[in-house]
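These are my notebook entries on one protein model. I set down what I looked up, entry by entry.

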Amino acid sequence: HEKFRDVEGEIRELGLKGSRALGYLLICEFDSLTSAFEWMSFHSSSHISRVTFETAMAVLRVDVERLTGLSNQSMFATMDLRGRLLVDRDSFMLCFGDRSE
């Protein structure tokens with residue numbers, strides 16, 4: 001993905017780490033975190049499971065560990081603020097530091 005290589009360069013230049021780096025990439029790809037969540041949740045579900053998250057990252061060809069410094073499992077745990085093994089929209093937004101959407 002040429003686009004992601006460009007975005008990853010921007011992320012390095014901005015010094016973004018962890019969930020901020022992934023959030024930036026998702027906003028670049030989907031124009032908003034809301035759109036990213038809707039895509040990952042198939043526009044009908046109110047949550048994202050770990051399998052769904054990992055599948056989405058594979059489809060997007062995002063190396064989560066290289067980008068964030070966290071494994072897929074650790075990144076998902078960071079998003080799973082309620083510890084339910086599911087990430088709802090509010091937790092997704094809070095994880096990426098976006099309280100405006």
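**Entry 1: Ile11**

I began with the contacts of Ile11, where contact means heavy atoms within 4.5 Å. With its neighbours within four places in sequence left aside, Ile11 is in contact with Leu16, Ala21, Tyr24, Leu25 and Leu67. The C-alpha atoms of Ile11 and Leu67 are separated by 8.6 Å, although these residues are 56 apart along the chain. Ile11 lies in helix α1, residues 2–14. I take helices as DSSP runs of H or I of at least four residues and strands as runs of E of at least two, numbered from the N terminus. Ile11 counts as buried at 3% relative accessibility. Here buried means under 20% relative accessible area, exposed over 50%, and partly exposed in between, with a 1.4 Å probe and protein chains only.

**Entry 2: basis of the values**

The model is predicted: local features need pLDDT of at least 70, side-chain atom pairs count only at pLDDT 80 or more, and totals for chains, interfaces and linings use all residues. Residues are numbered from 1 along each chain as its sequence is written, and side-chain values use heavy atoms, with hydrogens and water left out.

**Entry 3: the chain as a whole**

I then looked up the secondary structure and found seven helices and two strands in the protein chain. Along the sequence they follow the pattern α-α-α-β-α-α-α-β-α. The radius of gyration is 12 Å, close to the 13 Å that the globule rule gives for 101 residues, so the chain is as compact as a globular protein of that length. This radius is taken over C-alpha atoms, and the rule is 2.2 Å times the number of residues to the power 0.38. Along the principal axes, the C-alpha atoms fill a box of roughly 35 × 25 × 25 Å. Of the 101 residues, 42% count as buried. Among contacts between residues at least 6 apart in sequence, 49% join residues at least 24 apart. The accessible surface comes to about 5,800 Å², and carbon and sulfur atoms hold 49% of it; the method is Shrake-Rupley with a 1.4 Å probe.

**Entry 4: helix α4**

Which residues of α4 are buried? I noted Thr52, Phe53, Ala56, Met57 and Leu60. Seen down the axis of α4, these buried residues fall within an arc of 135°, so they line one face of the helix. The arc is that of the directions from the helix axis to the C-beta atoms. An α-helix has 3.6 residues a turn, so residues three or four places apart point the same way. On the other side of α4, Val51 and Ala58 are exposed.

**Entry 5: helix α6**

In α6, residues 72–79, I found Met75, Phe76 and Met79 buried. They cover an arc of only 100° around the axis, which puts them on the same side of α6. What covers the buried residues of α6 includes α2 (18–30), β1 (47–49), α4 (50–60), α5 (64–68), β2 (86–88) and α7 (89–95).

**Entry 6: loops**

I checked Ser41, which lies in the loop between α3 (33–40) and β1. Is Ser41 buried or exposed? At 2% relative accessibility, Ser41 counts as buried. Beyond its neighbours within four places in sequence, Ser41 is in contact with His47 and Ile48.

I also looked up positive phi values outside glycine. Asp31 has a phi near 75° and sits in the loop between α2 and α3. At 68% relative accessibility, Asp31 counts as exposed. Arg61, which follows α4, has a positive phi of about 60° although it is not a glycine. Arg61 is found in the loop between α4 and α5 and is exposed, with a relative accessible area of 65%.

**Entry 7: aromatic rings**

I counted rings of Phe, Tyr and Trp (its six-membered ring) as paired if their centres lie within 6.5 Å; planes under 30 degrees apart count as stacked, over 60 as edge-to-face and the rest as tilted. The structure holds four aromatic pairs. One of them joins Phe92 and Phe96 edge-to-face, at 4.9 Å centre to centre and 75° between the planes. Phe92 is buried at 0% relative accessibility, and Phe96 is buried at 5%. Ring pairs link Phe37, Phe92 and Phe96 into a cluster.

**Entry 8: cysteines**

Why is there no disulfide? A disulfide is a pair of cysteine sulfur atoms within 2.5 Å, and by this rule the count is zero. The sulfur of Cys28 is 16 Å from the closest cysteine sulfur, in Cys95, which is too far for a bond. Cys28 counts as partly exposed at 24% relative accessibility, whereas Cys95 is buried, with a relative accessible area of 11%.
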